[in-house]
2 protein chains.
Amino acid sequence: MDDTDRTLVGLLLQDATRSYAALGDAVGLSAGAAHERVRKLRAGGVIRRTTVDVDPAALGQGVLAFVLVDSSAWMGDSAEAFAAVPEIQEAHVIAGSASVLVKVRTSTTERLQDVLRRLYDIPGVSGTQATVVLETFFERPPDPHSPA
Amino acid sequence: MDDTDRTLVGLLLQDATRSYAALGDAVGLSAGAAHERVRKLRAGGVIRRTTVDVDPAALGQGVLAFVLVDSSAWMGDSAEAFAAVPEIQEAHVIAGSASVLVKVRTSTTERLQDVLRRLYDIPGVSGTQATVVLETFFERPPDPHSPA
DNA sequence: CTTGAAAGTCGCTCCGG
DNA sequence: CCGGAGCGACTTTCAAG
């Protein structure tokens, strides 16, 4: 994982339809060498898959909310229970007063309420605290060049 | 946007390298018809771009945190200020006691602390409250078939 | 919407250096 | 790592039903 690899990842994040010839040009390598590097990035799990960036609003999911889930029991094995709710896009176990933080997308706030209700069906869930997003400034992929 | 379109989007979310012939087979259409539908989904902004799914940990960004940002002023025009911090992956204006919620990825908690310090450099920011993620259950794209 | 065909591009793999 | 050569597959567009 040198800086050339990071640049390749950055280019693919912007547009994964680039040809290997174009990738090579951008980093000063031949198409074959660029191809080999990308192949290794995929094999090594850095690049998981080629996918598509979808506008949630265009799919009718214009409401975004983050929900803090309180629990009265250990939630470390509840991943599938959260995954079973299709409106939940992310679920994280967190440090702090709450136990789990989930990111939810729905069409309306009524639907959001419905998701909250379903959260209570998950064993151990004792409470929820929803925060509705008014405006999303941006959502972007990780920066491969981030100093971090 | 009928159900066939949603299925096409779902297939492309899983693997955007699928050929139009394979897409057509999956939904019972010819390759040409599938191609035309996907073209329209792109033109209509439903599909924004073809990209790549990257493992943040493989990029050295193993620490994930959500930060509630309190403010003493209107933050509606501060999108660029947040975007200028590369470790910030998402920034949302929220309803509730805090003003902005940001999602941050760094290599270490020390780096996270550094990001928090930079947040205070943004005009209007009066406080932060960071929640560190202990384990991510899952992160996935929106479900195009979600009843929403 | 279908089938079929054409032309161009690219993926992918091989080689020799 | 480079350059080039080669084959197969895919994209993209078109016509005609």
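Modeller: Start where two chains meet. In this predicted model, β5(A) pairs with strand β3 of chain B, residues 88-94. The sense is antiparallel, and the pairing runs over five bridges. One position to look up is Phe138(A), which stands opposite Ala91(B) in β3(B).

Now follow β5(A) back into its own chain. This strand covers residues 125-139 of chain A. Seven bridges join β5(A) to β2(A), and the two run antiparallel. Here Leu68(A) stands opposite Gln129(A). So much for β5(A).

Next comes β2(A), residues 63-71. Besides its pairing with β5(A), β2(A) pairs with β4(A). That pairing is antiparallel too, over seven bridges. Within it, Phe66(A) has Lys103(A) of β4(A) as its bridge partner.

Strand β4 spans residues 100-106 of chain A. How many of its residues are buried? Seven of the seven are, so the strand is largely enclosed by the rest of the structure. Buried here means under 20% relative accessible area. Both faces of β4(A) are covered. On one side sit Val100(A), Val102(A), Val104(A) and Thr106(A). On the other are Leu101(A), Lys103(A) and Arg105(A). Note that Lys103(A) and Arg105(A) are on that list of buried residues. Lys103(A) is also the residue that bridges to Phe66(A).

β4(A) has another partner, β3(A), residues 88-94. These two strands are antiparallel and share five bridges. Ala91(A) stands opposite Val102(A) in this pair. β3(A) and β4(A) form a hairpin, with five residues between the strands. In that hairpin, Gly96(A) takes a positive phi near 130 degrees.

Phe137(B) lies in strand β5 of chain B, residues 125-139. Is Phe137(B) buried or exposed? It is buried, with a relative accessible area of 14%. Its contacts in chain A include Ala91(A), His92(A) and Val93(A). Phe137(B) also touches Met75(A), Gly76(A), Ser78(A), Ala79(A) and Phe82(A).

A second residue of chain B is worth a look. Ser146(B) sits in the segment after β5 of chain B. At 6% relative accessibility, Ser146(B) is buried. Ser146(B) touches Gln61(A) and Glu87(A).

Now step back to chain A as a whole. There are five helices and five strands. Their order along the sequence is α-α-α-β-β-α-β-β-α-β. Of the 148 residues, 45% are buried. Among contacts with a separation of 6 or more, 65% join residues 24 or more positions apart. The radius of gyration is 20 Å, whereas a compact globule of 148 residues would have one near 15 Å. The C-alpha atoms fill a box of roughly 55 × 35 × 25 Å along the principal axes.

The chain carries 14 positive and 19 negative charges. Their mean positions are 5 Å apart.

How values were computed
Residues numbered from 1 in each chain as written. Chains lettered and ligands numbered in written order. Predicted model: local features only at pLDDT ≥ 70, side-chain atom pairs only at ≥ 80, totals over all residues. Heavy atoms only, no water. Helix = DSSP H or I, 4+ residues; strand = E, 2+ residues; numbered from the N terminus. Rg over C-alpha atoms; globule rule 2.2 N^0.38 Å. Buried < 20%, exposed > 50% of the residue type's maximum accessible area, 1.4 Å probe, protein only. Contact = heavy atoms within 4.5 Å. Lys, Arg positive; Asp, Glu negative; His and termini not counted. Charge placed at Lys NZ, Arg CZ, Asp CG, Glu CD. Pairing = 2+ DSSP bridges. Lists of a residue's contacts leave out its neighbours within four places in sequence.
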